[in-house]
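Open the model in your viewer and show it as a cartoon. Keep the selection tool at hand, and follow the stops below in order.

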Amino acid sequence: MFAFSPRQTTVVATETRSQQIALGNWQGASFPVENFQTYTSPFGLRQAPDGSYTEEYHRGLDMAAPEGSYIRNWWTGKVVEVSDDSACGTSVVVESGQWEHIYCHMRGHVESANGGRYLIDREGGIQIWEGQVVTAGVRIGRVGMTGRTTGPHLHWGLKYSGQWVDPALVLRAMYAEQTGQGRVSRK
């Protein structure tokens with residue numbers, strides 16, 4: 001069971017054998033990408049994106065958007081890592097209580113100054129420092145094609161207490177709350 005309580009709101013996600021359920025108050029959370037077009041790769045086992053016949057476990061949700069579209073922080077938290085040297089490309093990791101949200105394939109690169117590290121995208125007007133607190137909805141980067149990618153998209157990953165969570169589950173719960181449908185389940 002997952003529980004998260006920022007500012008007296010409670011979020012619970014439960015995974016049972018064949019079903020996942022998300023309950024709670026998701027007010028204050030932000031959809032993570034502007035100019036969203038479509039979901040291009042779900043969380044879970046998938047065929048390798050290079051077209052080969054190998055399978056791999058995809059630990060996030062890929063959201064296509066035009067290159068340069070702004071990426072917004074999902075939930076208020078602290079930037080715990082900026083990176084530009086992995087298959088994730090230029091990336092930001094934000095910690096919100098026991099949640100970690102990971103944003104990959106962004107424009108820009110990482111620089112160091114005054115003993116700290118930051119992601120810089122001068123053209124997009126973005127500068128995000130490790131240790132910085134970022135509120136929900138604030139622009140933290142732009143969609144790019146850095147790292148291992150076949151097209152412009154945001155790879156958005158979520159962890160709760162160190163365990164990977166399907167971001168689509170969270171988005172469905174957020175949508176259900178906004179439309180008054182309450183509980184969301186996936187079978």
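Begin with N35, which lies in the loop between β3 (19-24) and β4 (38-41). This is a predicted model. N35 has a positive phi of about 60°, although it is not a glycine.

**Stop two: H105**

Now select strand β11, residues 99-106, and find H105 within it. H105 is not a glycine either, yet its phi is positive, at about 70°. Is H105 buried or exposed? Its relative accessible area is 5%; buried means under 20%, so H105 counts as buried.

**Stop three: a sheet of three strands**

Select β12, β13 and β14 together. They form an open sheet in the order β12-β13-β14, and the pairing is antiparallel. β12 (109-113) and β14 stand at the edges. Each has a single partner strand, so one side of each is left without a neighbour in the sheet. Turn the view to follow the twist, which averages 30° from one strand to the next.

Look at the β12 and β13 pair. These strands run antiparallel over five bridges. Show A113 and look across to G116 in β13, its bridge partner.

Move on to β13 (residues 116-121) and β14, an antiparallel pair with four bridges. Which residue stands opposite W129 of β14? It is Y118.

**Stop four: the two faces of β14**

Show side chains for residues 126-129, which make up strand β14. In a regular strand, side chains alternate between the two faces of the sheet. Here I126 and I128 point to one face and are buried.

**Stop five: helix α1**

Select residues 167-179, the 13 residues of helix α1. Check the length yourself: the end C-alpha atoms are 19 Å apart. At 1.5 Å a residue, the helix should span 18 Å, which agrees.

Go to the start of α1 and show D166. One of its side-chain oxygens reaches to within 2.9 Å of the backbone nitrogen of A168.

Next, colour the buried residues of α1: P167, A168, L169, V170, L171, A173, M174 and A176. An α-helix has 3.6 residues a turn, so residues three or four places apart point the same way.

G180 follows α1, and its phi is positive, near 80°.

Key
Residues numbered from 1 in each chain as written. Heavy atoms only, no water. Expected span 1.5 Å × (residues − 1). Buried < 20%, exposed > 50% of the residue type's maximum accessible area, 1.4 Å probe, protein only. Polar contact = N/O pair within 3.5 Å; in protein donor to acceptor, adjacent residues only side chain to side chain. Pairing = 2+ DSSP bridges. Axes fitted to C-alpha atoms, helices over the stretch in contact; angles between N-to-C directions.
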